[in-house]
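Let's take a walk through this structure, one chain at a time.

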Amino acid sequence: MKPSQLSAPPATGRPALEVEGLCVDLHTPSGTVRAVDGVGFSVRRGHTLALLGESGCGKSMTALSVVGLLDPMAEVTDGSVRVSGTDVLTLGRAGRRKLAGPVLSIVFQDALAALNPVQPVGRQLAEPFRIHRGLSRRRAEEEAVELMRRVGIPEPRLRARSYPHQFSGGMRQRLLIAMAVALDPDVLIADEPTTALDVTVQAQIMRLLRDLQTERNMALVLITHDLAVVAQRADDVVVMYGGNVVETGPVAEVFARPRHPYTKGLLDSVPEHAVRGRPLPAVPGSPPELSAIPSGCVFQARCPMAREVCVRERPRQVSVGAGRTAACHFSEELDHA
Amino acid sequence: MTDLASRPTDAVTPSRTRPPRWWLLLGRDRGAAVAAVVLALVFLVAVFGRLFIGDRAVRQDLGASLRPPSLDQGFYGLLGTDVLGRSVLARLVDAAGTTLSVAVPAVLCSLLIGSALGMWAGYHGGVRENVAMRVADVILSFPSLLIAVVVLYVFAPSALNIVLILAVARIPVYLRTARAESAELRSRLFVDAARTFGTPSRHIIVRHILPIALPTLLTVATLDFCFVMLTESSLSFLGIGIQPPDVSWGLMVAQGRQYLQTAWWIAVLPGVAIVLTTVSATVLAAWVRLATDPAQRWRLTLPRKRRGDRAAVPPEMIA
Amino acid sequence: MPETPLPDATAADPRGGAPATARPLLDVSGVTKSFGHGRRRLTALDGVDVTLRRGETLGLVGESGCGKSTLARVVLGLERPDSGTVRFDGTDPFALKGKELLAWRRRVQMVFQDPFASLNARMSAADLIGEPWRTHRDIVPTARDRERRVRELLSLVGLRESDAYRYPNEFSGGQRQRIGIARALALGPDLIVCDEPVSALDLSVQAQVLNVLSELRERLGVSYVFISHDLSVVRYISDRVTVMYLGKVIEHGRTEDVFDRPLHPYTAALMSAAPALDVSGASNGEEIRLRGEIPSPFDIPSGCRFRTRCWKSEERCAEHAPPAVTRDGTADTGQEPHQGLCHFPLGAGTTEAGVRPRVG
């Protein structure tokens with residue numbers, strides 16, 4: 001069960017993660033393009049927020065700028081990121097390092113690339129304990145084994161001596177999650193954590209993430225392109241398109257009554273409820289290249305409702321109900337549709 | 001290979017490329033353009049140079065022996081004279097023809113035979129691959145200079161024999177490179193796709209493997225060009241290569257070596273010619289490599305300075 | 001080898017209510033394929049039976065290592081089975097040579113999963129689409145015809161004619177996949193094997209490509225073998241579904257039958273694991289939790305190969321290979337029977353069949 005459905009979210013305390021007006025520029029050989037344009041959201045502990053969007057929409061770039069792992073050719077040009085009250089963008093390297101682990105942590109998609117191939121996993125898992133808690137090697141490796149048991153790796157004491165390539169994809173993802181939650185972070189970011197996995201294993205991993213989140217009362221930011229994962233696992237959703245946020249709100253409401261034509265188009269194009277033999281309501285065209293984001297509404301080229309004002313003026317995010325925003329000139333019309 | 005020739009619009013040549021014309025791309029890249037001009041000049045001189053110099057390359061004038069390069073001695077005195085008073089400029093021009101007529105056929109022969117065998121072996125794998133590779137190993141296991149010496153002693157040291165011996169000695173280099181590329185490409189999806197059309201394997205090799213392996217092979221060939229010129233000069237130095245009064249750049253370096261301290265120009269200038277030619281060939285090969293790859297071609301349209309930047313991401317790929 | 005004249009490629013039945021014709025378009029029977037030797041022997045296919053009628057779409061579902069891609073390669077003639085038979089319209093493609101083999105090649109084509117790796121980056125869209133004609137020269141003999149056909153194919157898959165001279169890197173993933181589809185259509189095939197054709201694409205683009213595929217089925221009467229791990233996509237596009245696990249077909253039947261009343265616990269678990277879009281929370285019913293992960297194909301469990309993860313498994317499952325069971329009322333209606341391999345099939349009303357599940 002999702003926590004938000006059990007009780008109305010209490011509005012007390014500061015959010016564990018607050019992002020405001022985040023802008024990221026990408027310096028490419030052919031000029032500078034804006035990859036993330038004024039993105040903002042916040043998550044409280046115990047809650048799950050999904051950053052939803054297609055490839056190139058800027059969702060991963062947003063996550064990477066939060067944890068300070070941006071590519072050197074990308075640069076945060078504006079906005080603020082506060083984790084448990086600390087503005088991380090103004091921190092230096094040392095300050096960031098102190099946060100990485102006990103406060104803020106990330107799980108990557110490609111577990112094989114994220115693990116050191118020439119070190120036994122037990123030692124890699126022990127690393128955070130040695131660095132942040134100053135434990136002895138022996139104690140730290142004890143902790144690592146305990147952690148492996150917690151994330152469901154069978155025979156952890158034996159497996160701690162194995163190398164990453166000796167684990168299956170699902171087990172590697174478990175290891176990565178173990179490493180991320182080792183120091184009980186306040187905020188856990190999961191960047192497409194299950195994309196490379198088989199369906200039955202995906203379900204196991206998502207369940208593990210959810211259990212850990214409840215157990216340790218973390219704020220979870222789930223970055224994904226999978227609508228169903230968002231529907232099943234998230235409380236709130238931020239829909240991104242072409243580097244911009246187009247819609248935000250509680251998942252149940254956004255998915256039931258989308259207020260942005262892009263969200264609606266995405267939901268409609270899922271074949272889940274489609275009737276065989278009848279064409280799927282597809283969104284025409286393809287996502288824009290970052291070098292060719294139009295000056296008006298980012299979605300204008302593919303939007304069935306686009307009018308003259310959409311070309312002229314970029315719609316601002318406006319409130320469209322309790323806890324919901326949408327960036328569309330005509331979100332009212334969608335409501336009645 | 002007939003297949004390739006019969007259809008000039010094949011993917012091997014970028015001539016089908018509608019938007020970027022290759023000479024426009026070449027113009028954008030100053031280094032490559034200079035290299036192309038240098039190479040063109042060398043070839044023109046090699047082919048037509050002898051028509052202009054007459055017998056000046058062999059005409060002796062002991063009174064004018066070992067003159068340094070200067071502007072006062074007329075056109076043929078520009079680069080000085082050698083110990084017999086022959087014009088170095090005229091000899092350079094004459095040697096260009098000899099050098100290229102040995103190096104170019106030798107490189108082309110080994111490139112053609114080695115690549116064809118290598119791609120064939122790599123694509124089919126199994127026994128064919130094993131046999132081809134063992135043959136290459138056998139050739140490589142003999143010191144090529146030694147074979148050359150033996151063969152050229154037994155047979156007459158003619159230009160044709162030098163070409164043949166150099167070509168055979170260098171075949172394994174191309175064979176190995178082509179085999180490696182082709183064995184890797186064999187498992188690519190677009191090769192599978194071609195197989196589902198029923199495309200015969202020789203066509204798959206020509207259409208899908210050759211165009212991708214070719215730039216690498218060309219780069220190897222330009223490096224080898226240098227190697228072949230130097231080997232030829234070693235042979236000439238041993239007296240079994242180019243026979244005087246014929247002259248090659250390598251032979252000039254060899255002959256001028258003993259005067260290095262008194263008359264540097266005799267040995268250094270032909271050396272410079274060798275370096276200029278090979279460097280130009282290498283630069284041009286690197287350019288061809290980019291220009292024939294549609295996914296990389298955009299780099300050539302950028303101002304030269306920024307190309308080396310760390311941002312090696314094509315604009316449409318930014319995620 | 002009986003001589004089989006090639007029927008007109010367009011003579012396919014219209015999709016849907018077509019009665020089962022005497023001869024299926026594709027009949028794969030008892031196909032086994034393994035790779036490697038000794039202890040490193042990997043059994044990719046183990047006695048696989050699949051049939052496909054003209055104009056139908058067969059969905060092939062399973063997780064990694066289930067053998068669906070190897071099956072696709074066998075159907076395409078890229079991989080020769082160790083045992084078992086493949087019949088395409090009554091002909092064994094592995095017995096063909098020369099001209100006959102070339103003629104058969106026209107009839108079976110493939111759309112690949114990865115629209116980046118399956119297109120040679122050095123060829124323009126026109127060259128890519130026209131590539132099959134270089135081998136099959138009689139289809140479009142002149143350059144003029146060729147250009148016209150390329151334009152037709154481009155518009156058929158929803159690309160612009162001006163796209164003909166652009167290169168793969170200038171297209172988005174969805175557009176590249178359209179080029180791949182156009183290329184598969186160039187020879188006018190009867191059967192197209194689609195190996196995860198939309199899984200590399202963005203969701204909003206995925207729907208476009210699925211629409212292109214269904215439209216082509218309507219207009220050209222092609223049949224598809226549609227491989228996917230995405231159940232909602234398979235359910236949308238397929239008439240019939242075959243579920244594979246570790247190299248074996250463990251369940252097959254009409255799409256509705258398999259999805260609405262799965263026989264095999266694995267099928268049920270797959271459906272339960274795939275998250276539903278429904279936000280109400282209770283849509284999935286009971287969540288089935290599978291133990292562990294797929295066993296290594298180098299070391300397949302005895303008896304029922306799913307038993308190591310199955311919540312219903314008992315001793316019997318380890319000792320005996322599971323029998324074929326048929327859902328009552330699906331075998332005698334002239335429709336596709338709904339069958340599975342299980343000691344303890346789900347749902348009431350199943351009969352053990354004496355033979356392995358066979359269709360057609």
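Start with strand β8 of chain A, residues 219-224, which is mostly covered: six of its six residues are buried. Bear in mind that you're looking at a predicted model. Side chains in a regular strand alternate between the two faces of the sheet. In β8(A), one side gets A219(A), V221(A) and I223(A), while L220(A), L222(A) and T224(A) point the other way, and all are buried.

Who are the strand's partners? Strand β3 of chain A, residues 48-52, pairs with β8(A) in the parallel sense, over five bridges. If you want to find that pairing on screen, look for L51(A), whose bridge partner in β8(A) is I223(A). Strand β7 of chain A, residues 187-191, also pairs with β8(A), again in the parallel sense and over five bridges. Here a handy landmark is L188(A), bridged to L220(A) of β8(A). There's a helix to follow too: β7(A), α9(A) and β8(A) form a β-α-β unit, and it is right-handed.

That helix of chain A turns up again when you move over to chain C. Look at helix α9 of chain C, residues 265-273: eight of its nine residues are buried, so the rest of the structure largely encloses this helix. The buried ones are P265(C), Y266(C), T267(C), A269(C), L270(C), M271(C), S272(C) and A273(C). What covers them? The cover includes α9 (199-216) of chain A, and from chain C it includes α7 (231-237), β8 (240-245), β9 (248-254) and α8 (255-260).

Now for chain B, where you'll find eleven helices and zero strands. Trace the sequence and you simply read α-α-α-α-α-α-α-α-α-α-α. Of the 319 residues in chain B, 41% are buried. Take the contacts in this chain with a separation of 6 or more: 68% of them come from residues 24 or more positions apart.

An unreviewed UniProt entry marks "transmembrane region" in chain B at residues 32-53, 99-123, 209-230 and 263-288. How do two of those stretches look in the model? Residues 32-53 of chain B are 100% helix and 0% strand, with the end C-alpha atoms 30 Å apart. Residues 99-123 of chain B are likewise 100% helix and 0% strand, and there the end C-alpha atoms are 35 Å apart.

Conventions. Residues numbered from 1 in each chain as written. Chains lettered and ligands numbered in written order. Predicted model: local features only at pLDDT ≥ 70, side-chain atom pairs only at ≥ 80, totals over all residues. Buried ≥ 20, exposed ≤ 12 C-beta atoms within 10 Å, placed from the backbone. Helix = DSSP H or I, 4+ residues; strand = E, 2+ residues; numbered from the N terminus. Contact = placed C-beta atoms within 7 Å. UniProt positions renumbered as here; feature names shortened; annotations may be inferred. Pairing = 2+ DSSP bridges. Right-handed = clockwise from strand over helix to strand, strands pointing away.
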